[in-house]
Amino acid sequence: MTSKEHSGGGSQLEELNGFTNPGLPEHKPRLADSDPRAEKVAERQVAAWFILSMIGTIWFIVAYFLFTPGESMQSIRLHNMFVGLGAAVAMFSIGFGAVLWAKNLMSDHEGIDERHDIGGSEEDQAIALEILHQAKEESGIARRPLLRNTLIAALAIAPLPAVLVFRDLGPLPGDKMFNTLWQKGTRLIRDVGGIPSVDSERPIKADEVTIGSAYHVLPSGIGDEEASEHPLNEKAKAAVLLMRIDPKELKEDPDRKDWSHDGIVAYSKICTHVGCPVALYEHQTHHLLCPCHQSTFDVTEHCKVIFGPAKRPLPQLPITVDSEGYLVAQSDFPEPVGPTFWEINHP
Amino acid sequence: MSTTQPTTTIGKAANFAETRVGASVLVREFGRKIFPSHWSFMLGEVALYSFIIVVLSGTFLTFFFQPAMGELHYDGPWLPLRGVEISEAYDSTLAISLEIRGGLFIRQMHHWGALLFVAALSVHMLRVFFTGAFRRPRELNWVVGVLLVIMGMAAGFTGYSLPDDLLSGNGLRIIDGILKSLPLVGTYISFFLFGGEFPGIDIVARLYTLHIMIVPALLIALIGIHLMFVVVHKHTQYPGAGNTEKNVVGEPVLPTFAAKGGGFFFLIFGLLSLISALFTINPIWNYGPYDPSPVSAGTQPDWYIGWADGFLRIVPGWFEFYIFGWPISFNINSAVIVMGGVFAVMFIYPFFEAWLQKDHREHHILDRPRNNPTRTAIGVAGIIFYCNMWAAASGDIIAVFFQMSLNDMIYIFRFLFFFGPIIGYIITKRMCLALQRKDREIALHGRETAHIIRLPHGEFLERHEALPPHKLWKITAFESPAYVPAEPNAEGKITGMEKLRARLSRFFFEDRVAPVTKQELEASHHDHDAVEGSNNKELGH
């Protein structure tokens, strides 16, 4: 084996390991080749499939009008199923018919093609070389390096504008990654899904929050069109989970002791891994679980990561109560929320 | 055709085509072209046909879909969402699903078809790999095939994100997180893609352009090149009596192959119709519009994205580290590296194997997977590597189903990430070698007939029957690649590269079972005659 030919051209495989290729086995005729009755049966079978296909097509048309989708999901499902079955019968039957026709009635004698060299003949190659040579001579591309090199340089920089025009696909990040709608005094309101209008906001009183409960929270004013141009963009940064835990169970950092209020703590809901909402709160263990990639955060220890692919703890929102007893933010998050990004420590 | 005037309708049509486009050249070239027939050669056809169906159904959808993110209040028939503020994209997808007759059927066919397309591509690619069909002259077509898989995934992902429902928005959120994790440029790329902050109001329209124009155009171009190469190279064939490196044995395009292939297209169409009629996929009306705050537990990406998502789940968080405060989010962008690495290995594999074996000849007869044990074992290791990450994307659902700890599931996936491929490699290699030994046994001693005979002195023997020549040829006629030691180059030096090649070559081909040769077979017959007398005479006679 060490002395393999390194040139092109495969071995013939007519002689290998001392054996000789015995050639194609003898052709075995099918029943329909010799028995006219069997042939007739096969023919009728194929035609039956084609007729069934027509029935399927007609059934599709009938079902399209007969089972119109209405208001109920049931009617939509029925419509989908009946037109779909019509299409399935129509298509399958053409397929079965054609394949049966090919397998039972068309000639099944094996054909043999010879392979040819993939490269052209020596003559072709010589002519091709001659043409290229002629092109080189007639254009003078080799003799005129000034033209050739300036052309290459021009072509090389010509695509730059095509890249540049994509510059305005988006604004530069600026300080957007470091700010959210939360600021000193912003009330915590309930997140009921979607964007609340300013009038339907439901702020949260500290004494409504019982031990063991958890609230999905947004900043007050998120529905105000002047404050937030794109409310979903703001929501993607400002969403917060609020939980009340027996203060004895909280292992709070002394520096951050006044960030909570009587066991009520607020953390960013946006996972520090790739940004899914960390929406699953386990009441017994006080763990927050991200349903996307299973990062797990311990609420009692400032949401530090205890399992999974996230690295940073969920940022804490410092909260307190205002004069009316409503929960308010003391400030924005002290650090950026959401996935890690390059400039995260260099605002 | 120009000498006599045609009189029949078909004759007139043929004459028209001939005098306008020279159709006879095409018919002569392709009409009786031979295609070998084998079930595994239909996998690529499945991919092609499902692609056609996806293009057809997708074109229908474009007439109704609104790729825009302006907000409006839903006032359609679906009560749970009535009055809710949703985007035009989501609204029009709801209308396609719930109001336009046949719309849900075609939307589901588009989605199921896309899943089948990538699945068929993948299995087709495995067939090509395990049979060595990527060898010269088909290396470039293999490269085109890898590009097709990548573009197939891109087509799927850009489409999945269009309806702007909760699930697809969440998928985009993950993409945003992955982009932001890229060092230096990540934040900028994210802002450019989304037109500012996530989610913004531009992303659906931008993905739509990619999904209905750029990606499909690339796919169609690549498919065109792929098929053109098939014509240029002619199809490979399995080892068998009558099949040589210089011929192709099979069916002519007209009529048999065309009838079977055309029929098969309708079978795939029928299959996708049946699935779309009976099985709901991506019921976006249940998910609600995209909102960055809620997420439903147990969400799954489309299957072909699963391996990337699964990898994200099994990387531990401490992979992220900081250099002077600048983050290297290796816990996230290692997913990009792993995916890139898998595709890079696939791109170079054909060239690697040729270099390793110093075999630059053309190969048109396929390998049976057992006859190249190391390649087959590498393929299986790759499948396990991929499927483990893929399964990890459903780790939460598997944990719930088997009532296991979610964390333990992740530990299992982490273990299998490293050891699964190794175990698979060893087992597969041993299985291939054992199958080769079995082939040797059958070639040398014939097949077991289950005829027990008793000799006059009381010994029992099972009668073995020699194989007919065409079966014997099939299991003996193959080249078994062997270790090629380091050879000096023209200057008489053994380069470091050559030493590396030799080491790898030894790893690949050290364990091998040589094919039976004619001499061995004849020798074994003489032994039998000498030892067992006349009872095994039929062997080889």
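Two strands are said to pair if DSSP finds at least two bridges between them. Helices (H or I, at least four residues) and strands (E, at least two) are DSSP runs, numbered from the N terminus. This is a predicted model, in which local features need pLDDT of at least 70, side-chain atom pairs count only at pLDDT 80 or more, and totals for chains, interfaces and linings use all residues. Residues are numbered from 1 along each chain as its sequence is written, while chains are lettered from A and ligands numbered from 1 in the order in which they are written.

**Strand pairing between the chains**

E3(A) pairs with strand E4 (residues 247–252) of chain B in the antiparallel sense, over 4 bridges. Within this pairing, Ile112(A) has Val249(B) as its bridge partner, and Asp113(A) stands opposite Val248(B). E4(B) also pairs with strand E1 (residues 34–35) of chain B, in the antiparallel sense over 2 bridges; there Phe35(B) stands opposite Glu251(B). Of the 6 residues of E4(B), 5 are buried (20 or more other C-beta atoms within 10 Å of the residue's own, with C-beta atoms placed from the backbone).

**The contact as a whole**

Residues are in contact if their C-beta atoms, placed from the backbone, lie within 7 Å. The contact takes 95 residues from chain A and 111 residues from chain B. On the side of chain A, helix H3 (73–105) gives the most, with 17 residues. That side divides into 49 nonpolar, 32 polar and 14 charged residues. Here Ala, Val, Leu, Ile, Met, Phe, Trp, Tyr, Cys and Pro count as nonpolar, Asp, Glu, Lys and Arg as charged, and the others, Gly among them, as polar.

**Annotated spans and domains of chain A**

UniProt, in an unreviewed entry, places the feature "transmembrane region" at two spans of chain A; such annotations may be inferred rather than shown by experiment.

Chain A is divided into domain 1 (31–105) and domain 2 (176–329), with bounds from an automatic or database domain assignment. The C-alpha centres of these two domains lie 58 Å apart.

Definitions and conventions. Contact = placed C-beta atoms within 7 Å. Buried ≥ 20, exposed ≤ 12 C-beta atoms within 10 Å, placed from the backbone.
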